[in-house]
Amino acid sequence: MIRINLALQGGGAHGAFTWGVLDRLLDEEDIEFAAISGTSAGALNAAALKSGWVEGGRDGARDNLTWLWGQIGAITDPMFTPWIDSATSSTELWAKAMKYSPAYTAFEMTNRMMSPYVYGPAMRNPLENIVTRFHYDAVCKSEGPELHICATNVRSGKIRVFTGDEIMPEVIMASACLPSLFQAVEFTDPATGKSEAFWDGGYTGNPALFPLFANDLPDDILIVNINPLYRETLPMDPQSIENRINEISFNSSLLRELRAIDFVKRLLADGSVKRGTMKDVLVHMISDDALMNTLNVATKTIPTAVILSRLKSAGHAAADAFLKQHKDDLGKQSSVDLAAMFN
């Protein structure tokens, strides 16, 4: 059995890509998930996978992920998905049509000019109706993969990673709380006993890797990256500029942790640090920057059946390609060249 850890990035509706990745990984009977760190959409995927796994094994995890994305807006019936895909334009044209549509333009202007607090208690997080229906006795159970959910403490600006019995609906909502869209999620933090306010975990850990460094966990961390690290096209319009700022911001914490891993690996390699005193993490990544470069903030913010379906298919294909190229690397060596990444 090959045991790995999963690190699932956040990125709004683009998290459907991760759904496809997980769906493909669940086909591999000899791969087991030891721990999962998730942020925002990654937290939703992680909680759905964990609870489904505990209650019904691999099939239960797959069914729960399908239920989750059906609630978010995907058409999950295999009879209809191919028809919708073939009847609509290319992903890039569809994304542009959404971005420049009058409805989205009005939504964005309102979002820029008004605080979510002007609506008072009437402004409810739409995820609440979904996350409250997770089975938290299974989400928090010691069986199955460890679960770590990241959020950002608004007042301190520090990362907060929730795990085990600390995880509840408010934690997952907090992990996915974009402050320009939703009011901060406030609840009593089990660690302090005080009422705390939280925003999206992507600002401080997208996802947090350090919980996966524990000695009792395997060395391999497989990152599912959905915010493109590189964009060839220079953003020029306000929406594109704002989108790229968000992508850079939401990748910065991940890149910092990867740089730290690279530093430790170099210390171990040249003998500056004795092996066994620090963990030699093996890093792997599944992504599709080419696809993500055709998408935009509109497809990230507003889930549509077409985009979600194509993201799932792309995630499935990307995971399949990873397994064909790098499955034999698991447990042996990194498949990401960190030195080249930071050169």
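Which residue forms a salt bridge with Glu 29? Arg 58 does, and the closest N and O atoms of the two are 3.4 Å apart. The structure is a predicted model, and its protein chain contains 13 helices and 8 strands. Of the 343 residues in that chain, 52% count as buried. The points below treat the overall build, the nonpolar cores, the aromatic pairs and the salt bridges.

**Overall build**

- Among contacts in the protein chain with a separation of 6 or more, 79% are made by residues 24 or more positions apart.
- The accessible surface of the protein chain is about 15,500 Å², and carbon and sulfur atoms account for 57% of this area.

**Nonpolar cores**

- The largest nonpolar core has 65 residues, and those with the most contacts inside it are Leu 6, Phe 17, Phe 33, Phe 134 and Ile 167.
- Helix H2 supplies the largest share of this core, with 12 residues.
- Leaving aside neighbours within four places in sequence, Phe 33 is in contact with several residues, including Leu 6, Leu 49, Trp 53 and Pro 145.
- Another core, of 17 residues, lies apart from the largest one, and Ala 7, Leu 209, Ile 223 and Leu 338 are among its members.

**Aromatic rings**

- The structure has 8 aromatic pairs.
- The rings of Trp 19 and Trp 69 are stacked, because their centres are 6.1 Å apart and their planes meet at 10°.
- Trp 19 belongs to helix H1 (residues 16-25) and Trp 69 to helix H2 (residues 41-72), so this pair ties together parts that are 50 residues apart in sequence.
- Trp 19 is buried at 2% relative accessibility, and Trp 69 is buried at 1%.
- Trp 67, Phe 134 and Tyr 136 form a cluster linked by ring pairs.
- The charged end of Arg 160 sits over the ring of Phe 162, at 4.1 Å from its centre.

**Salt bridges**

- Side chains of opposite charge can pair when their charged atoms come close.
- The structure holds 18 salt bridges.
- In the bridge between Arg 58 and Glu 29, Arg 58 lies in helix H2 and Glu 29 in the loop between H1 and strand E2 (31-39), 29 residues apart.
- Arg 58 is buried, with a relative accessible area of 13%, whereas Glu 29 is exposed at 57%.
- Asp 59 and Arg 62 form a salt bridge, with the closest N and O atoms 3.2 Å apart; both residues lie in helix H2, about one turn of the helix from each other.
- Asp 59 is exposed at 52% relative accessibility, while Arg 62 is buried at 18%.
- A network of salt bridges links residues including Arg 24, Asp 27, Asp 59, Arg 62 and Asp 320.

Notes
Residues are numbered from 1 along each chain as its sequence is written. This is a predicted model: local features need pLDDT of at least 70, side-chain atom pairs count only at pLDDT 80 or more; totals for chains, interfaces and linings use all residues. Side-chain values use heavy atoms; hydrogens and water are left out. Rings of Phe, Tyr and Trp (its six-membered ring) pair if their centres lie within 6.5 Å; planes under 30 degrees apart count as stacked, over 60 as edge-to-face and the rest as tilted. Helices (H or I, at least four residues) and strands (E, at least two) are DSSP runs, numbered from the N terminus. Buried means under 20% relative accessible area, exposed over 50%, partly exposed in between (1.4 Å probe, protein chains only). A charge sits over a ring if NZ of Lys or CZ of Arg is within 6 Å of the ring centre and within 35 degrees of the ring normal. Contact means heavy atoms within 4.5 Å. Accessible areas come from the Shrake-Rupley method with a 1.4 Å probe; for residues, only the protein chains shown count as cover. A nonpolar core is a set of buried Ala, Val, Leu, Ile, Met, Phe, Trp, Tyr and Cys residues joined through side-chain atoms within 4.5 Å. A salt bridge is a side-chain nitrogen of Lys or Arg within 4 Å of a carboxyl oxygen of Asp or Glu.
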